[in-house]
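Q: Hi, could you walk me through this one? I'd like to start with how the terms are used.

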Amino acid sequence: VSGTDEADALLRGPPDEGYRGFGITRTMVPGALRLKLTGELDLENAPIAEHHIRRAEEEALDLALDLRGLTFMDAAGLGVVIGADRRARGAGRRVVVCVGSGCVRRLIELTRAERSLEIVDDLDRDAPSRNGGSLW
Amino acid sequence: MMPAYGMAGHSAVCRHEEPVAVTAHRAARARPPRFAADHAVDHDGVALAVSEAVTNAVVHAYPDGPGGQVRIHVSVEPLALLVIVSDDGQGLAARSRRGGLGVGLVLIARLCSSLEIDGAGGTRVAMRFSRGDGAYAGPRLV
């Protein structure tokens with residue numbers, strides 16, 4: 001079971017001066033859900049990201065947050081990621097975070113969030129899902 | 001209602017009025033980094049620091065009532081870029097713990113070369129960024 005829903009298209013705003021649209025793409029695999037975030041994750045878009053993450057939590061799924069497509073993330077966005085990780089740990093679920101390089105990794109480094117988050121370089125290689133060995 | 005937003009010299013003013021405050025916040029954040037790019041300053045660092053400072057103002061300065069102004073002033077010094085984010089809100093002493101990780105000021109302090117905060121009668125955050133090659137020399141994941 002895999003697929004991509006319409007969230008990506010719905011959430012992308014028109015490009016504007018100094019703006020970069022924010023998007024989320026959902027990809028389901030057995031027992032897990034990958035959310036690929038693109039654009040800017042800040043105070044404005046954090047509630048959208050949180051909404052989609054909480055919706056995934058209602059499905060009791062392990063979660064992979066692919067942040068490599070983000071062009072900007074600040075502490076408001078990081079708070080969404082850390083909140084998801086904390087809730088998952090409390091519920092016996094798993095959240096893996098792929099940050100790639102660039103601004104998101106820098107924020108992770110500055111805040112030392114890598115101490116609490118499960119960060120991987122390659123979702124397919126480093127984070128096999130628990131269900132049947134399927135990959136994220 | 002659209003935010004009152006404009007540029008006067010190197011100053012930007014955005015009026016914090018829900019629900020468009022965060023839109024103004026993003027627009028305001030975009031200005032200093034663009035300016036920074038022309039002056040050999042760490043563009044991404046300026047963007048993140050300004051975002052944190054403006055976020056603090058949006059979240060904490062005017063928790064009740066009709067809102068108010070958040071001002072951004074950017075000036076070029078011989079060795080640094082100076083960005084001042086200020087508001088006329090309730091000041092630091094009265095700030096509530098409304099959400100967030102509480103790491104905004106810590107981030108700002110790590111990103112700029114000097115930081116001055118005046119929290120009496122509104123809040124004024126003055127961030128100075130060294131002008132150089134713009135290279136990031138902070139901590140790295142190992």
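A: Happy to! Buried means under 20% relative accessible area, exposed over 50%, and partly exposed in between (1.4 Å probe, protein chains only). This is a predicted model, where local features need pLDDT of at least 70, side-chain atom pairs count only at pLDDT 80 or more, and totals for chains, interfaces and linings use all residues. Residues are numbered from 1 along each chain as its sequence is written, chains are lettered from A and ligands numbered from 1 in the order in which they are written, and side-chain values use heavy atoms, leaving out hydrogens and water.

Q: Is A:Arg112 buried, exposed or partly exposed?
A: A:Arg112 counts as partly exposed, because its relative accessibility is 34%. You'll find A:Arg112 in the loop between helix H4 (103–111) and strand E5 (118–120) of chain A. Helices (H or I, at least four residues) and strands (E, at least two) are DSSP runs, numbered from the N terminus.

Q: What is the phi of A:Arg112?
A: Near 60 degrees, a positive value in a residue other than glycine. Most residues other than glycine have a negative phi.

Q: OK, zooming out: how many helices and strands does chain A have?
A: Chain A has five helices and five strands. Along the sequence the pattern reads α-β-β-α-β-α-β-α-β-α. Of the 136 residues of chain A, 52% count as buried.

Q: And where in chain A is confidence lowest?
A: In helix H1 (residues 7–11) of chain A, with a mean pLDDT of 39, while helix H3 (residues 75–91) of chain A is highest at 95. The pLDDT is the predictor's confidence in each residue, from 0 to 100. Over residues 1–19 of chain A the pLDDT is below 50, and that stretch has 34 contacts (heavy atoms within 4.5 Å) beyond near neighbours in sequence. Where pLDDT is low, the predicted coordinates should not be read in detail.

Q: What's the average for chain A?
A: Chain A averages a pLDDT of 79, and 77% of the residues score at least 70.

Q: Switching to chain B: how many bridges join strand E4 to strand E6 there?
A: Eight, joining E4 (residues 80–87) of chain B to E6 (residues 123–130) of chain B in an antiparallel run. Two strands pair if DSSP finds at least two bridges between them. B:Val83 stands opposite B:Met127 in E6(B).

Q: Which residue in E6(B) is the bridge partner of B:Leu115?
A: B:Met127. Strand E5 (residues 114–118) of chain B pairs with E6(B) over five bridges, in the antiparallel sense. In the hairpin of E5(B) and E6(B), four residues lie between the strands, and B:Gly121 takes a positive phi near 65 degrees.
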